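The entry is shown first, and the points follow by topic.

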Amino acid sequence: MSSNYRNFRNSVPWLIFFLEAVFIILFCFLYSDDGVSGSNISYPAFQDVSHMVIFGLGFFLAFLKRYKFSSTGFNLLLIVLGVQWSVLMEGLLFFLFQNEKEDDLKSITKATVSMTTVVISSAAVLGKANPIQLIVMTIVEIAAFHLSRWINKMYLKIGDSVGMMHVHLFGAYFGLAVSPFFSEPSPNSEKNASTPESDLLSMLGTLFLWVFWPSFNSVLAVEEEKNTIIYNTYFALAVSAVTAFALSVLTTKDGKLRMKHIHSATLAGGVTVGYAAHSIWYPSIAMILGLLASVITVLGSHHLQRCLNSVLKIHDASGIHFTFGLPGVLGAIAHVILFVVKNWTDLRSQRYLIMIEIGTFCLTISVALISGFITVSPFGCWILNGGTQITDLAKIRFFYLSL
């Protein structure tokens, strides 16, 4: 393999400059006219989402002492590149299919929300992937996520605000799909170690995420549903936080709190309720979902993590499967159940819509897994290896480990 791929100076800057040149040219063609005015999204709401994605998720991933600077720095790099690419994907869909054009503030807000998928999936390979690999993951993942949203919107008739809440599911399972192709540090390796300072930074990120999560869940909703979504999200987060503290004490041998539990399970309620917050009638339902999500996160990290490592050879560096993946699945299932309960008296005529709701999140997970495998396929290696084809699976894995 060429040494250029191991040389940060000879590869990363030129890749970034190349992408920026492509983005500028595409913006000239796709966004040459005046933007649409009259946004239903306020600038403070957009700020909340930006703070959550940049500060919250950036510090949230700073728990490894060797990567606390790279987690926040690379997080910003991926976000600023990915937001441009996501806005261009929206413009490309408008150009190809003549979709309704959105105002500028809503477009950039949706792009920022979309970047949650990239940050979540990059957390699965935290400390194992270099900037080139992360940038390639960003380009492929954003394109695949927009494809998934477009299918859901055009063929399954799923509202855009609901479809955007699939970011947690998509990011988690895309990250799990690419994770096996990267090396797993030994259990006692310094790469897996944390310090009180790194744990404090990670907890600071958790607090940012907890505070801004209601804005994240409601930012793209219609005006009539915003207050309901904020209300339900807050109670789900509150109960998941309380449950996280209780379960952390109950599941540790010495009966002490574990920051790993707190900083993951505290947020699980917000992930779960994001799918169904607009269809929840009583806060008690949101509270039950928050409790179940926290239980799944804490117990799943105890029992299922060993299965992922030993059986499937998946090393989830940040526990995204239990923080975002499984709570997202719970939220999608809860959304279907609430839809069934609401239409119980007319269930026979609603069977088609029920299957649509189930197919929506199944499609999201499928596209995430398939696109993740494509990223680490021989074609993905061909891109990163300068046009030299790699076909053997063992060589593909060696290629990614040696980058």
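The largest cavity in this predicted model has a volume of about 70 Å³. A search of the whole structure finds 3 cavities of 30 Å³ or more. Elsewhere, 2 salt bridges are counted, and salt bridges with shared partners join Glu 90, Lys 110 and Arg 149 into one network.

**Largest cavity**

- The lining of the largest cavity is made up of Val 162, His 166, Tyr 275, Ala 332, His 335, Val 336, Glu 357, Thr 360 and Phe 361.
- Helix 13 and helix 14 (351-375) are the elements that give two or more residues to this lining.
- By residue class, the lining of the largest cavity divides into 5 nonpolar, 3 polar and 1 charged.

**Salt bridges**

- Side chains of opposite charge can pair when their charged atoms come close.
- Lys 110 forms a salt bridge with Glu 90, and the closest N and O atoms of the two are 3.7 Å apart.
- This pair links distant parts of the chain, with Lys 110 in helix 4 (residues 104-124) and Glu 90 in helix 3 (residues 68-97), 20 residues apart.
- Arg 149 also meets Glu 90 in a salt bridge between side chains, at 2.8 Å from N to O.
- Through shared partners, the salt bridges place Glu 90, Lys 110 and Arg 149 in one network.
- Lys 110 has a relative accessible area of 2% and is therefore buried, the cut-off being under 20%.
- Glu 90 counts as buried because its relative accessibility is 15%.
- Arg 149 is buried, as is Glu 90.

**Nonpolar surface patch**

- Trp 281, Tyr 282, Ile 333, Ile 337 and Val 341 form a nonpolar patch on the surface, and together they have about 510 Å² of accessible area.
- One of these residues, Val 341, lies in helix 13 (residues 320-342).
- Is Val 341 buried, partly exposed or exposed? Val 341 is partly exposed, because its relative accessible area is 46%, and that class lies between under 20% for buried and over 50% for exposed.

**Contacts between separate parts of the chain**

- Ala 123 is a residue of helix 4, and it counts as buried because its relative accessibility is 1%.
- Ala 123 and Ile 320 are 197 residues apart in sequence, while their C-alpha atoms are 7.0 Å apart in space.
- Val 87 belongs to helix 3 and is buried, with a relative accessible area of 10%.
- Between the C-alpha atoms of Val 87 and Ser 107 the separation is 6.4 Å, and the two residues are 20 residues apart along the chain.
- Val 340 is in helix 13; its relative accessible area is 19%, so it is buried under the 20% cut-off.
- Val 340 and Arg 351 are 11 residues apart along the chain, and 9.0 Å separates their C-alpha atoms.
- Phe 29 is in helix 1 (residues 8-30) and is exposed, with a relative accessible area of 66%.
- From Phe 29 to Gly 91 the distance is 9.6 Å, C-alpha to C-alpha, for residues 62 apart in sequence.

Conventions. Residues numbered from 1 in each chain as written. Predicted model: local features only at pLDDT ≥ 70, side-chain atom pairs only at ≥ 80, totals over all residues. Heavy atoms only, no water. Patch = residues over 30% accessible without salt bridge, like charges linked within 9 Å, V, L, I, M, F, W, Y side chains within 5 Å. Areas by Shrake-Rupley, 256 points an atom, 1.4 Å probe, with all protein chains shown as cover. Salt bridge = Lys/Arg side-chain N within 4 Å of Asp/Glu carboxyl O. Helix = DSSP H or I, 4+ residues; strand = E, 2+ residues; numbered from the N terminus. Buried < 20%, exposed > 50% of the residue type's maximum accessible area, 1.4 Å probe, protein only. 1 Å grid on protein atoms, 1.4 Å probe; cavity = no way out; pocket = protein on both sides within 12 Å on 5 of 7 lines; lining within 4 Å. Points joined across faces, edges and corners; volume = space filled by probe spheres on them. Nonpolar A, V, L, I, M, F, W, Y, C, P; charged D, E, K, R; others polar.
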